[in-house]
Protein chains: 2
Amino acid sequence: MFELSFDLAPFAVKARLFLIPTPIASDTVLQTLPASVLEVVPTIRFFLVENIRTARRFLASLKQNIPIDDLTFVEIGKHSDPTVVLTQYKSWVEAGTTIGLMSEAGCPAIADPGNVWVQWAHQWGAEVLPLVGPSSLMLALMGSGLHGQCFAFHGYLPIDTQARVQKLKWLEKQSAALHQTQLFIETPFRNQTLWKDLLQHCHKNTWLSIAANLTAPDQLISTYRIGQWHQKNFAPPKVPCVFLLMS
Amino acid sequence: MFELSFDLAPFAVKARLFLIPTPIASDTVLQTLPASVLEVVPTIRFFLVENIRTARRFLASLKQNIPIDDLTFVEIGKHSDPTVVLTQYKSWVEAGTTIGLMSEAGCPAIADPGNVWVQWAHQWGAEVLPLVGPSSLMLALMGSGLHGQCFAFHGYLPIDTQARVQKLKWLEKQSAALHQTQLFIETPFRNQTLWKDLLQHCHKNTWLSIAANLTAPDQLISTYRIGQWHQKNFAPPKVPCVFLLMS
């Protein structure tokens, strides 16, 4: 989080930052985004985006005759210089602009570092307006059948085997102690390694749920105890997955 | 969680359980639900619902000419007998029925006990299909600007003052130790008591965010450090709020 003194002079016109969800599976714009997204997005001319090419493709897919070549995009991805982004972003806020924030897929500022830019909006006194859209974490939690009144999301687990196994054991303990469903994700090509670790190192009574390729035609959501999974000949597909554990 | 032996004979036709989100603010059906909900729901005749009156009102609000009087509803709210619900529900699954699960507001099985019924669907081998819709938790997290790569939801905090203050201090510690945003909710008439406790007992550098009446025209999302909140003359409105804390 950048540090900034709190009381800035209020700007003449209050800027607005719309947080725009994008689809999590191909060709699902109209199935997974509500009308408010289709109405609001075509009115926005200035965008903070994780990736310009993805952003343009998304805007075209809305089929709202958005003049894409007239829009201004600033990339906030990992190759961008935060001070350059910030200078541009601040000038937009000062001018009372309506700005859109988008990530590669799903809800911006969740499971990605976009929250920093939302935080700035609050500090500058801009209005922050999140829009409804697909969240793989919420769909996975709903679909898992695991406890939804207390849960935690941890992002990616460590790549190092020993550290990952340690984390899994810690997640199992946390889950039992707090009656908390534990959610985490993995890079698709490592799904099967993670799965082996889960089956090998978690207790046979622990519940394990997998939600793969959510909102796609081949979506798969399945929940069993570790001991039940042992009896199945299952390996997770190399697609985006959410894993959920409850002990 | 009910206990049940795992391997049941597969049913002739695979039943499907759709998890149906409902609006979280009045008159926002068309703004917050995607087309898939409007298409799928009118095809369902059997519903597990938290409250029948709310469910009927929701179905009417879709304006899809649903023959509401021909539908079958089973209430799963706190006054229902779980064994009665289970018997009815199981007979639907055995018959390969398409079933809808709905809670009072938002995503079913999140921040409510509906997950038990999803868990049964998995054990019976039914297909579980969560639909996209508004989640006050995700909208609040996106809108807060607080860390979205590691977060936890805790439901309601204890009613007892001493226990609540203890929990707040624990949340603050957890947040610092795990770099984890802490989310919790409160009954609207207790919002102001909780707010006073937060301002009195949390560290002045801790970030506190409030997201009130999300998706409604008077929605309010604001994030400051506790020390900044002290300088403001703010009391939360007596409406549904999500509170977020990060230290």
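**Notebook: cavities, interface and a pocket**

I began with the largest cavity, which holds about 100 Å³ of space. The model is predicted, so I kept its conventions to hand: local features need pLDDT of at least 70, side-chain atom pairs count only at pLDDT 80 or more, and totals for chains, interfaces and linings use all residues. Residues are numbered from 1 along each chain as written, chains are lettered from A and ligands numbered from 1 in the order written, and side-chain values use heavy atoms, with hydrogens and water left out.

**Cavities**

I noted the terms first. On a 1 Å grid over the protein atoms alone, a cavity is a set of points where a 1.4 Å probe fits but cannot get out. A pocket is an open set with protein on both sides within 12 Å along at least five of seven lines. Lining residues have an atom within 4 Å of a point. Points are joined across faces, edges and corners, and a volume is the space filled by probe spheres set on them.

My search of the whole structure gave two cavities of 30 Å³ or more. For the largest cavity I counted 18 lining residues. Nearest its centre I found A:Gly133, A:Ser135, B:Gly133, B:Ser135 and B:Met138. The elements giving two or more residues to this lining are α6 (136-144) of chain A and α6 (136-144) of chain B. Helices (H or I, at least four residues) and strands (E, at least two) are DSSP runs, numbered from the N terminus.

**Interface of chains A and B**

I found 66 residues of chain B in contact (heavy atoms within 4.5 Å) with 66 residues of chain A. The two chains bury about 5,000 Å² between them, 60% of it on carbon and sulfur atoms. Buried area is the accessible area (1.4 Å probe) that two parts lose on being put together, summed over both.

How many salt bridges cross the interface of chain B and chain A? The rule (a side-chain nitrogen of Lys or Arg within 4 Å of a carboxyl oxygen of Asp or Glu) finds zero. I then looked up residue pairs in polar contact, both at pLDDT 80 or more, and got 13 across the interface. A polar contact is a pair of N or O atoms within 3.5 Å; within protein, one must be able to donate a hydrogen and the other to accept it, and residues adjacent in sequence count only if both atoms are side-chain atoms. On the side of chain B that touches chain A, α6(B) has the largest share, seven residues. That side divides into 36 nonpolar, 25 polar and five charged residues.

**Second largest pocket**

I put this pocket at about 1,000 Å³. Of its 39 lining residues, the closest to its centre are B:Glu104, B:Ala105, B:Ala111, B:Asp112 and B:Tyr156. By class the pocket lining has 22 nonpolar, 11 polar and six charged residues.

How values were computed. Ala, Val, Leu, Ile, Met, Phe, Trp, Tyr, Cys and Pro count as nonpolar, Asp, Glu, Lys and Arg as charged, and the others, Gly among them, as polar.
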